[in-house]
Amino acid sequence: MSTLQVTQARVMKSEWTKLRTQPGALWSLLSAVILVVAFGILYSLLRVARPPHGAAATASFDPTSVSLAGVQLAQVAAGVLGVLLITSEYATGLIRTTLAAVPRRLPTLWGKAAVVTGAVVAVSVPAAVAVFLAGQAILGRHLSVSLGAPGVARAVIGGALYLAVAALLGLALGALLRSTAGGIAALFGLLFAVPILVGFLPGSLADEIGKYLPGTAGLAVTSVHPDPATSLAPWTGFGVFCAYALVLLAAAAVRMRRGDA
Amino acid sequence: MIEISELTKRYGPTTAVSDLTFTVRPGTVTGFLGPNGAGKSTTMRMILGLDEPTSGSVTVNGRAPRAHAAPLHEVGGMLDPRAVHPSRSAYHHLLALAQTTGIRRSRVDEVVDAVGLRSVAKRPAGKFSLGMAQRLGIAAALLGDPATVVLDEPVNGLDVEGIRWMRGMLTELASQGKTVFVSSHLMSEIAQTATRLIVIGKGRLIADTSVADFIASAAPASVRVRSSDQPGLAALLRSPDVTVTVADDGALLVSGLPAERIGAIAAGAGIAVAELSTVETSLEDAFVDLTKDAVEYRAVVSQEEK
């Protein structure tokens, strides 16, 4: 290990050092945790105050997704983290120093992807489990479900993994657009604006296309019993979400590898 | 060693660098001089493997910049001293850079000491003064103990003490046998440090010479004369090798003759000399002379203002 040489593992270590010494990134990470936990608890309290009425509502009541409601807000914080990790380097010009040290360039992109995935998973898995347990405690004996029930553990862990992929999506958009504002706007567009536009299509078409949109597809994994009319199967949906992130990362890699830094 | 051959770089319709060929050798400080916009930074980005040449080639220590296994050990660069994350400490900035290449942690402390930043190394780099930021940039460039060092305008904005320090540092690096390539848009900054000189303008090579030859080849010194009979003296002095012009205040500016000869000629003709002084061509004048056709943006003085 004493020879001087750029390796993927070393670049990853360098990217970890950068992440942990970049306050903006740490704040995004903390915001994601706070949003997951606080909004999950808040929404659970709300549903206790307004429990489902009637047999149909009770049957479709999903206590797991109630407690995981914060994931949908936290995806913004996770996505912004991904965007910032790369656009802050373009904004300051630091990217030139980075890429002069790593002229093959892609190890830097992969290093950032690995580090952001690791960091988000490391904080969001405990956060999701904690808010699930807190949420179920709030929902009480009649409305709650146990972590051991079918599909529940998958939904809880899936919610945490969803956030990691949202961060990768942000990283890819940031690397493609090289601008913080542009990257965040594109992230919002992809996760929130596109579903609204698709919602204007006639009902069945909107549902059919809607299933495959990144946010909807990805969130299927956080639902214990996804509705086949409006949602893909849990891991299928998550796979589609991952595919979006991977395609955008591949495009970012092509842009980064070619031409001028 | 930096070898540049027929290097051309275009950005869309703009040609930043055109058919440049030169070599920067180890063991000396080589100045890279040109007016703003001449293509110096573009050339340096290509030396660091950041921009791809449109045509031609760059090699550093014998290989393409992007082909090195440990680029930081081959070529250390400073392009923009402000290119740091503002809230990351100088130490962590350097540490993250070192980690990419497996440079040991103690080396970070070494370069921090070498540039005199120890007392502020844990402070956010965004709070640094320009002088401190330049030192941090030098530290980053030296981190991998590279054989070649490329610095873009390293003395720009430094105070006197900082300039002196930078000159000492550059000379020291060259004496260690490193290739030191330093750009500037000011001749005077370069002349006291560099021994070799590459001058470009509008992306083209203007001169590849030693500093001493450059100064010698620049417009020769002229002599300023005031005397009792200016037209008469001018007529006596004029010859195919000597030019005489009249300054705004009526003094004669003579080039091509030393002051002693002018004095002797005047004495021989019985003309009383009131003033006789040699006007040295400054380095800056020489540089401006050489690059005057290659300045991209020039102030236009309208007739009314004259």
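Here is a short exchange about a predicted model with chains A and B.

Colleague: What ipTM does the predictor give the complex?
Modeller: The structure is a predicted model. The predictor gives the complex two scores, and the pTM is 0.87. The ipTM is 0.93.

Colleague: Which element of chain A has the lowest mean pLDDT?
Modeller: Chain A as a whole has a mean pLDDT of 94, and 99% of its residues reach 70 or more. At the top among its elements is helix α1(A), residues 8-20, with a mean of 98.

Colleague: In which helix of chain B is confidence lowest?
Modeller: Chain B has a mean pLDDT of 89, and 93% of its residues reach 70 or more. Confidence is highest in α3(B), at 98. It is lowest, at a mean of 72, in helix α11(B), residues 283-291.

Colleague: Over which residues of chain B does pLDDT stay under 50?
Modeller: Where pLDDT is low, the predicted coordinates should not be read in detail. One stretch of chain B stays under 50, and the model has two contacts beyond four places in sequence for it. That stretch is residues 297-306.

Colleague: How many residues of chain B are in contact with chain A?
Modeller: Take the two sides in turn. Chain A brings 28 residues to the contact. Chain B brings 32.

Colleague: Which element gives the largest share of the side of chain B that touches chain A?
Modeller: Two elements of chain B give two or more residues to this side: α2 (71-74) and α3 (90-99). By residue type, the side divides into 15 nonpolar, twelve polar and five charged. The largest share is five residues, and it comes from α3(B).

Colleague: How are α5(A) and α6(A) placed, roughly parallel or roughly perpendicular?
Modeller: Helix α5(A) covers residues 71-92 and helix α6(A) residues 94-101. Their axes come within 5 Å and cross at roughly 105 degrees. Angles from 65 to 115 degrees count as roughly perpendicular. Therefore α5(A) and α6(A) are roughly perpendicular.

Colleague: Which residues of α6(A) make the contact with α5(A)?
Modeller: From α5(A) come A:Glu89, A:Tyr90 and A:Thr92. The residues of the contact divide into three nonpolar, two polar and one charged. From α6(A) come A:Leu94, A:Ile95 and A:Thr98.

Colleague: Which are the edge strands of the six-stranded sheet in chain B?
Modeller: The sheet is open, its pairing is mixed, and its order is β5-β6-β7-β3-β8-β9. Neighbouring strands are turned by 15 degrees against each other on average, direction ignored. An edge strand pairs on one side only. The edge strands are β5 (75-78) and β9 (204-210) of chain B.

Colleague: What is the bridge partner of B:Thr30 in β8(B)?
Modeller: Strand β3(B), residues 29-33, runs parallel to strand β8(B), residues 196-201. Four bridges join them. In β8(B), the partner of B:Thr30 is B:Arg196.

Colleague: Which residue in the turn between β8(B) and β9(B) has a positive phi?
Modeller: These two strands pair in the antiparallel sense over six bridges. One bridge joins B:Gly201 to B:Arg204 in β9(B). The strands form a hairpin with two residues between them. The residue with a positive phi, about 50 degrees, is B:Lys202.

Colleague: What distance separates the centres of domain 1 and domain 2 of chain B?
Modeller: The domain assignment gives domain 1 as 2-216 and domain 2 as 222-280. The centres are taken over C-alpha atoms. They are separated by 46 Å.

How values were computed
Residues are numbered from 1 along each chain as its sequence is written. Chains are lettered from A and ligands numbered from 1 in the order in which they are written. This is a predicted model: local features need pLDDT of at least 70, side-chain atom pairs count only at pLDDT 80 or more; totals for chains, interfaces and linings use all residues. Two residues are in contact if their C-beta atoms, placed from the backbone, lie within 7 Å. Ala, Val, Leu, Ile, Met, Phe, Trp, Tyr, Cys and Pro count as nonpolar, Asp, Glu, Lys and Arg as charged, and the others, Gly among them, as polar. Two strands pair if DSSP finds at least two bridges between them. Axes are lines fitted to C-alpha atoms, for helices over the stretch in contact, and angles run from 0 to 180 degrees between N-to-C directions. Angles under 35 degrees count as roughly parallel, over 145 as roughly antiparallel, 65 to 115 as roughly perpendicular and the rest as oblique. pLDDT is the predictor's confidence in each residue, from 0 to 100. Domain bounds come from an automatic or database domain assignment.
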